[in-house]
There are 2 protein chains.
Amino acid sequence: MGEVVDVHTHYVPGGWPDLGWPDAPRLRVDSEREAMILLGDHEFRRIGSNCWDAGERLAEMDADGVDLQVVSPTPVFFSYERPAAEAIRVAKIFNDLALEVCTSERLIPFCQVPLQDPDAACAELDRCLASGHRGVEIGNHAGDRDLDDEGVVQFLKHCAAADVPVFVHPWDMAGGPRLDRWMAQWLVGMPAETHLSILAMILGGVFDRLPESLRICFAHGGGSFAFWLGRVENAWHRRPDLVGVSEHPPSHYLGRFAVDSVVFDQRALRLLVDTVGVDHVMLGSDYPYPLGESPVGSLIREATFLTDDDRAALLGGNALRFLGPPRRP
Amino acid sequence: MGEVVDVHTHYVPGGWPDLGWPDAPRLRVDSEREAMILLGDHEFRRIGSNCWDAGERLAEMDADGVDLQVVSPTPVFFSYERPAAEAIRVAKIFNDLALEVCTSERLIPFCQVPLQDPDAACAELDRCLASGHRGVEIGNHAGDRDLDDEGVVQFLKHCAAADVPVFVHPWDMAGGPRLDRWMAQWLVGMPAETHLSILAMILGGVFDRLPESLRICFAHGGGSFAFWLGRVENAWHRRPDLVGVSEHPPSHYLGRFAVDSVVFDQRALRLLVDTVGVDHVMLGSDYPYPLGESPVGSLIREATFLTDDDRAALLGGNALRFLGPPRRP
């Protein structure tokens with residue numbers, strides 16, 4: 001059995017400073033083992049020290065049989081809605097603190113970038129790659145700009161040219177009386193956000209414009225996209241005036257992106273493998289958050305429809321290809 | 001092989017009158033065979049005469065091997081956002097015209113009701129049942145009120161008591177720059193709407209409060225719900241403070257509702273059958289609209305993972321149970 005790689009985990013730096021902005025994400029450290037992420041005065045999420053403590057992460061990885069973790073930002077810190085200068089400052093602090101979390105070679109840092117400013121995003125990515133980051137996590141949209149926005153495409157082209165893997169995470173979900181309860185923004189909003197952004201890549205012609213070498217992975221199994229591929233395929237053929245705007249039908253673009261495995265259900269994982277392809281599904285857990293998989297990797301390990309080779313591909317082989325060769329000096 | 005029943009089709013009455021309200025749905029009849037649904041001055045959708053011509057519908061049913069059609073309103077006419085008195089007037093006109101469309105016993109009319117006014121909705125349902133309607137189609141929400149709204153639950157209790165099948169259709173999807181293109185409201189918004197409303201039935205405690213005898217079916221395979229059952233199940237257990245609010249975990253409520261089969265993909269249909277249950281998936285096509293299945297029933301007929309008995313259940317047996325005995329005098 002090869003290495004086991006979890007491509008979807010998050011961190012929050014325990015030493016996150018108070019930037020002094022009234023509505024910036026803040027961290028209230030309540031004890032050695034607990035902290036609270038605050039948005040303004042709103043308690044957004046209680047987190048544990050495994051968000052920032054490398055020793056704890058490594059111990060939990062050992063317990064779950066995980067060799068490597070991709071360690072990505074927690075999206076609430078993206079700050080795409082702020083003036084670019086502020087988002088640049090947030091990214092720099094956050095990305096530099098990530099290197100203090102990722103003290104082991106088993107912890108692979110992915111940076112965040114000020115996506116609302118493509119030039120600044122490319123510059124921050126380059127700075128991070130030089131300092132030890134291995135990839136980048138981006139939110140699936142920046143305000144009303146989806147992944148087919150010209151600036152975002154410019155950034156993705158830069159990632160392809162620099163041979164850097166991109167992990168796309170949903171965030172900034174719509175709220176309202178029907179959605180602000182039962183974590184509906186996470187349970188319904190997130191899968192819909194990612195579904196929409198994969199459509200933006202396909203129907204917005206992004207895959208038509210980007211080199212095939214871009215390595216891009218969507219969180220949470222790619223949202224609801226795979227389950228609804230048939231619906232968009234049918235619409236592409238039957239409403240060419242409105243939907244048939246990409247060069248090829250949507251199914252043509254399978255193989256151009258990967259998804260993680262955080263779907264919690266064998267039937268859903270099977271649909272993913274059968275639709276997106278066994279070479280394009282990678283272990284991801286959403287560790288260390290409660291909506292993540294625990295124990296990490298159990299869904300793949302218990303999947304009776306996978307061969308041993310398939311299982312090894314999903315657990316780590318696909319991720320090692322996605323990550324590419326190490327960059328650290 | 002038993003009867004083949006398509007539980008998800010729509011109609012628009014060719015004789016729809018201009019109500020004289022500036023933003024009410026209007027019908028511009030362009031020829032004997034074509035009309036345009038207008039919302040204000042906006043051309044919403046071009047439709048053909050198979051929306052209102054019984055002879056055409058029956059001929060197309062014969063061509064596709066369909067014996068019975070449930071004929072439901074086109075949601076853009078629901079008018080839940082209008083004052084109740086106006087919605088009552090729309091429903092009466094629409095429902096009475098439906099009986100002129102459903103001139104054959106092979107066409108089974110489902111009425112619409114002014115869901116924003118539960119008493120009026122119950123009264124209109126009763127009036128329609130007496131005049132020949134067999135069931136009711138409701139939108140999945142009325143403004144900010146989802147299916148767990150007290151008034152909607154009152155209406156659903158009335159349906160259970162009256163032994164009337166309920167078909168839930170998504171509508172009134174959120175728009176915006178990211179969604180007002182490529183029919184994204186239909187491709188992403190509709191599956192998310194239905195997903196959210198099934199969660200409202202489960203996590204909002206509606207199934208806990210309603211009698212098990214209620215027969216309710218959700219359009220488009222129940223939206224993205226079945227694919228994400230594992231995610232909500234995990235959240236229910238791991239965030240009992242926010243998500244674990246129903247009496248039982250979400251999977252407990254499987255069997256309390258049915259879904260139609262309009263998912264266009266064998267892998268998706270298989271997930272539906274394996275998750276929602278072979279007795280709770282029913283042929284639906286979204287006929288006669290282009291985002292529907294054509295030929296009607298091909299996905300089920302070609303499904304190699306179904307036994308002959310399963311196939312007969314999906315094609316019609318489940319629907320006959322859902323419809324219950326005829327009511328016509």
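Predicted model: local features only at pLDDT ≥ 70, side-chain atom pairs only at ≥ 80, totals over all residues.
The predictor's own scores for the complex are an ipTM of 0.97 and a pTM of 0.97. For chain A, the mean pLDDT is 96, and 99% of the residues of that chain reach 70 or more.

The extent of the interface can be described both by the residues in contact and by the area that is buried. In terms of residues, 61 of chain B are in contact with 61 of chain A. The size of an interface is often given as the accessible area lost when the parts come together. For chain B and chain A the area buried between them is about 5300 Å², and 63% of it lies on carbon and sulfur atoms. Within chain B, the residues that lose the most area to chain A are Arg178(B), Trp182(B) and Arg231(B), which together account for 19% of what that side buries.

Charged side chains also pair between the two chains, for which the count is six salt bridges. Arg178(B), one of the three residues of chain B that lose the most area to chain A, forms a salt bridge with Asp146(A), in which the closest N and O atoms are 3.0 Å apart.

A further residue, Tyr289(B), is found in the loop between strand S11 (281-282) and helix H9 (298-301) of chain B. Tyr289(B) counts as buried because its relative accessibility is 7%, which is under the 20% limit for that class. When its neighbours within four places in sequence are left aside, Tyr289(B) is in contact with Arg238(A) from the other chain, and with His10(B), Val12(B), Arg45(B), Ile47(B), Cys51(B) and Thr74(B). With Thr74(B) there is also a polar contact, made between the side chains of Tyr289(B) and Thr74(B) at 2.7 Å. Ser131(B), in turn, is 158 residues from Tyr289(B) in sequence, and the C-alpha atoms of Ser131(B) and Tyr289(B) are 27 Å apart in space.

Note on methods:
Residues numbered from 1 in each chain as written. Chains lettered and ligands numbered in written order. Heavy atoms only, no water. pLDDT = per-residue confidence, 0-100. Contact = heavy atoms within 4.5 Å. Buried area = accessible area lost by both parts, 1.4 Å probe. Salt bridge = Lys/Arg side-chain N within 4 Å of Asp/Glu carboxyl O. Helix = DSSP H or I, 4+ residues; strand = E, 2+ residues; numbered from the N terminus. Buried < 20%, exposed > 50% of the residue type's maximum accessible area, 1.4 Å probe, protein only. Polar contact = N/O pair within 3.5 Å; in protein donor to acceptor, adjacent residues only side chain to side chain.
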